[in-house]
Amino acid sequence: MSSTSVSAVAPFATFGLSAEPFGACESDTSFFPSDQHLRAIEFMGHSLWTRTRLGVVTAQQGCGKSLLISRFVRDLDDRVIVAAVSREHLSARDFLLEVLGQFGISLQAEDKTDRRRLAERFLMHQASTGSLCLLIVENAQSMHPSVLEELRALAAVEYEGQRVLKVLLLGQTGLLHVLESPRMAQLVSPSAPRFSLEPLSDDQTAAYVAHRLRAAGAGNPDALMPYTLMPQIHACTGGVPAQINRLCSQALANAAADGAQSVTASALEQAIDQLGLRARALRSGAGAVAGTSGTVAAPESRLVVSLQGMPDREIRLTSDRVLIGRGDEADVRIDSVFVSRYHALILRDGKQDVLLDLGSTNGLLVNSRRIIRRALRDRDLIQIGPTRVTYLTTLPAAAATVQPDPGETICFARPGFPPGLDEEQGSVLAFGRNDTASR
């Protein structure tokens with residue numbers, strides 16, 4: 001491996017960081033609260049505490065399914081007993097052995113006990129005491145047909161006329177073909193909706209990189225990894241977090257080896273070649289890296305922050321990213337319990353300012369509409385908790401006469417709770433949308 005490989009170089013110390021910014025997500029501060037991840041967690045919670053008994057999540061490898069599950073399980077209380085099976089290519093007997101072990105029942109591999117019967121009795125007993133049992137199966141696309149039989153049998157266990165086991169299936173896109181097989185018809189109908197955990201968008205990729213750098217101690221993420229590099233990073237990684245981590249770690253290592261003060265275009269291009277990502281890279285002049293400085297002076301845009309109807313302060317927008325939230329690290333800090341720590345982000349490229357909801361609890365209102373993404377216009381009124389923020393600018397692209405932004409995303413309902421969920425019928429909970437058709 002090259003002397004500048006990630007494994008041989010720890011660049012974070014070189015750049016004054018307190019930790020590896022693109023390593024494993026081991027703390028709340030390094031977790032990036034993307035809209036899709038937060039919606040999936042909320043959906044899973046809704047599936048657990050309603051009569052819905054099955055949830056399905058599919059995603060490309062590296063999009064964060066395991067992280068999603070670990071965060072979801074961590075916040076469950078003692079009423080929920082969880083078994084999480086992630087090993088692939090298990091036999092039916094080994095699958096049941098793993099499930100029983102996760103539920104706290106230890107058996108030796110050579111034990112001749114009827115494992116299915118033992119699992120059924122365990123589920124019945126827990127239901128009688130008011131506990132909930134959740135079975136999480138990761139890499140479900142690799143399940144052997146005999147394992148599907150055991151899974152169907154466990155999912156069919158009832159106590160006083162109610163199914164007692166909640167099932168959550170996670171897998172790559174190949175899981176969709178498994179769900180459509182005849183063997184799965186009794187567990188999940190072919191038309192049952194599913195949630196697809198999508199990669200990060202280009203805007204989210206930029207926000208993700210800045211967030212991870214900030215969590216590792218970077219006072220100015222833009223100075224360390226300029227915004228002008230982000231189109232190339234997104235193009236080469238497809239917005240998959242694990243790939244973003246690989247590429248950014250290698251670029252940091254290259255910059256550290258070169259003695260640079262920040263990640264340069266040259267360091268990123270070298271990392272692209274080292275990781276074999278050249279085929280995905282943007283061509284010069286097609287939105288690729290244009291320079292090494294990420295600071296865009298734009299004094300013509302500003303925010304007027306008002307509390308209780310009275311102007312409180314005015315903030316000029318002079319950096320590529322403006323973080324809004326309750327945390328001390330926010331550029332626009334709003335001290336209110338109704339404002340999330342990382343509530344919103346304004347991304348700037350010198351031509352327009354784009355406002356993004358970072359998966360906040362109470363959302364963003366722009367001109368009385370809840371939005372997830374919006375290219376800001378002059379005199380837009382932004383409601384963030386109890387605070388009103390007026391956006392003022394002289395940017396030509398933000399004039400009121402400009403055509404509507406085709407990328408604007410409006411949220412019509414609170415994420416995770418689609419209208420018309422027929423809980424009394426026990427319909428399948430869709431991760432992303434709901435299908436009330438009877439199962």
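The model is predicted. The chain has 439 residues, and 51% of them count as buried. It holds twelve helices and 18 strands. Take the contacts between residues at least 6 apart in sequence: 65% of these join residues at least 24 apart. A search of the whole structure finds zero disulfides. Cysteines are present, though. Cys63 is buried, at 1% relative accessibility. Cys248 is buried too, with a relative accessible area of 1%.

Start with strand β1, residues 54-59. How many of its six residues are buried? The count is six of six. In a regular strand the side chains alternate between the two faces of the sheet. In β1, both faces are covered. Leu54, Val56 and Thr58 are buried on one side. Gly55, Val57 and Ala59 are buried on the other.

Which strands pair with β1? One is β6, which runs parallel to β1 and is joined to it by five bridges. Leu54 has Val167 as its bridge partner in β6. Another is β7, residues 195-197, which also runs parallel to β1, with three bridges between them.

Is Lys166 buried or exposed? Its relative accessible area is 11%, and the cut-off for buried is under 20%, so Lys166 counts as buried. Now look at what surrounds Lys166, leaving aside neighbours within four places in sequence. Its contacts include Ser47, Leu48, Thr50, Arg51, Thr52 and Arg53. Cys133, Leu134 and Leu135 are also in contact with Lys166.

Next comes helix α3, residues 65-74. Its buried residues are Lys65, Leu68, Ile69, Arg71 and Phe72. They cover an arc of only 165° around the axis, so they lie on the same side of α3. An α-helix has 3.6 residues a turn, so residues three or four places apart point the same way. What do the buried residues of α3 pack against? Their partners are α2, β1, β3 (132-137), β6 and β7. One of these buried residues, Arg71, also lies over the face of Phe31, at 3.9 Å from the ring centre.

Helix α10, residues 230-237, can be read in a similar way. Met230, Gln232, Ile233, Cys236 and Thr237 are its buried residues. Their arc is only 160° around the axis, which puts them on the same side of α10. These buried residues pack against α8, α11 (241-258), α12 (265-274) and β10 (321-325). After α10 comes Gly238, whose phi is positive, near 70°.

Now turn to the aromatic rings. A pair of aromatic rings is described by the distance of the centres and the angle of the planes. The structure has two aromatic pairs. One of them joins Phe32 and Tyr208: the ring centres are 5.6 Å apart and the planes meet at 90°, so the pair is edge-to-face. Where do these two residues sit in the chain? Phe32 is in the loop between α1 (11-14) and α2 (35-49). Tyr208 is in helix α8, residues 202-215. The pair links distant parts of the chain, 176 residues apart. Both Phe32 and Tyr208 are buried.

Not counting residues up to four places away in sequence, Tyr208 touches Phe32, Leu200, Pro241, Ile244 and Asn245. Take Asn245. Tyr208 and Asn245 are 37 residues apart along the chain, and their C-alpha atoms are separated by 9.9 Å.

Ser34 is found in the loop between α1 and α2. At 2% relative accessibility, Ser34 counts as buried. Which residues does Ser34 contact, leaving aside its neighbours within four places in sequence? They are Leu200 and Gln204. Leu200 is also among the residues that Tyr208 touches.

Methods: Residues numbered from 1 in each chain as written. Predicted model: local features only at pLDDT ≥ 70, side-chain atom pairs only at ≥ 80, totals over all residues. Heavy atoms only, no water. Phe/Tyr/Trp six-rings, centres within 6.5 Å; stacked < 30°, edge-to-face > 60°. Helix = DSSP H or I, 4+ residues; strand = E, 2+ residues; numbered from the N terminus. Buried < 20%, exposed > 50% of the residue type's maximum accessible area, 1.4 Å probe, protein only. Lys NZ or Arg CZ within 6 Å of the ring centre and 35° of its normal. Contact = heavy atoms within 4.5 Å. Arc of directions from axis to C-beta. Disulfide = S-S within 2.5 Å. Pairing = 2+ DSSP bridges.
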